[in-house]
Amino acid sequence: MRKSLVVANWKMNNGTAETSDFLNEFLKINLNPKGEVVICPPFIGLDRLKNSLSNSSIKIGAQNLYYEENGAYTGEISASMLKSVDVSYVIIGHSERREYFNETDEICNKKVKKALEYNITPILCVGEKKEDRDNGMHLDLIKSQLYESLKSLELREDEEIVVAYEPIWAIGTGETASSEDAEEICKFIRNELEDILGDSADSTRILYGGSVKPNNIDELMQMENIDGALVGGASLVPEDFARIVNYGDKNE
Ligand code: PEP
């Protein structure tokens, strides 16, 4: 049985004051998580999360890391720095990083390995653009993102990776993949992971991301190969994110 995972990706939103406001509101809500919950704030929010969540089961994630140990890499952050603020997950290869910061599969591969070296679970994002889907190229593209980003990876028994399927046309657009479409691709990903990771494929959690909202989370979470969600916009609104975390509960 795979434990579900709901991840908030705040992107470049919420400074320190807004982070405190969010936590004040969010932690007042009656939360009934079915599995793990992770919040990935901008880097300046990590320490605040560490202090506010020390008595909570909510975990801390980062939106990126750099694969070198330390040194002259202006603007970057290292795995050991993230570890010092209790980061246990890191998003790697988000489509916005691939598009605006030229993050390639080769770079993702180095980042995945560096995260694992520091006992941080990488959440590798893959997904196609609208035109890839229209051209019938989406499965080839996703396959190559998986093979290249996870190249020569040997997972120890105590290590895991998470894969997030995020169709780019569904991110921030309000247009969600239908749960059947999302399931079909997540199943495809799990089959490919069998070749790449062997036995660990079955226990690897696969998330769906792309306009996940309170009104579609329940249906998505019923799918066999969808083990959780990566949530952008809706994770900025405490009530909405709480409803997503509480998926499956009857609305009060
Ligand atoms: C994301 O940023 O990973 C994402 C899925 O965003 P949204 O939920 O806003 O579509």
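Lysine 11 places a polar side-chain atom 2.6 Å from an oxygen atom of the ligand in this predicted model.

| Residue | Atom of the residue | Distance to a ligand oxygen atom |
|---|---|---|
| Lysine 11 | polar side-chain atom | 2.6 Å |
| Histidine 94 | side-chain N or O atom | 2.9 Å |
| Serine 211 | backbone N or O atom | 2.8 Å |

The ligand taken alone exposes 290 Å², and the protein buries 98% of that; accessible areas come from the Shrake-Rupley method with a 1.4 Å probe. Around the ligand are 14 residues, of which Lys11, Glu166, Gly172, Ser211 and Gly233 come nearest, where a residue counts as near if one of its heavy atoms lies within 4 Å. This shell divides into four nonpolar, eight polar and two charged residues, with Gly counted as polar.

Serine 235 sits in the loop between β8 (228-231) and α10 (238-245). Serine 235 has a relative accessible area of 0% and is therefore buried (under 20%; exposed is over 50%, partly exposed in between). A polar atom of the serine 235 side chain lies 3.2 Å from the backbone oxygen of valine 231. Leaving aside residues up to four places away in sequence, serine 235 touches Ala8, Asn9, Trp10, Phe22 and Phe241 (contact means heavy atoms within 4.5 Å).

Serine 144, in helix α7 (residues 138-149), is partly exposed at 35% relative accessible area.

Residues are numbered from 1 along each chain as its sequence is written, and side-chain values use heavy atoms, without hydrogens and water. Local features need pLDDT of at least 70 and side-chain atom pairs pLDDT 80 or more, whereas totals for chains, interfaces and linings use all residues.

Definitions and conventions:
A polar contact is a pair of N or O atoms within 3.5 Å; within protein, one must be able to donate a hydrogen and the other to accept it, and residues adjacent in sequence count only if both atoms are side-chain atoms. Helices (H or I, at least four residues) and strands (E, at least two) are DSSP runs, numbered from the N terminus. Buried means under 20% relative accessible area, exposed over 50%, partly exposed in between (1.4 Å probe, protein chains only).
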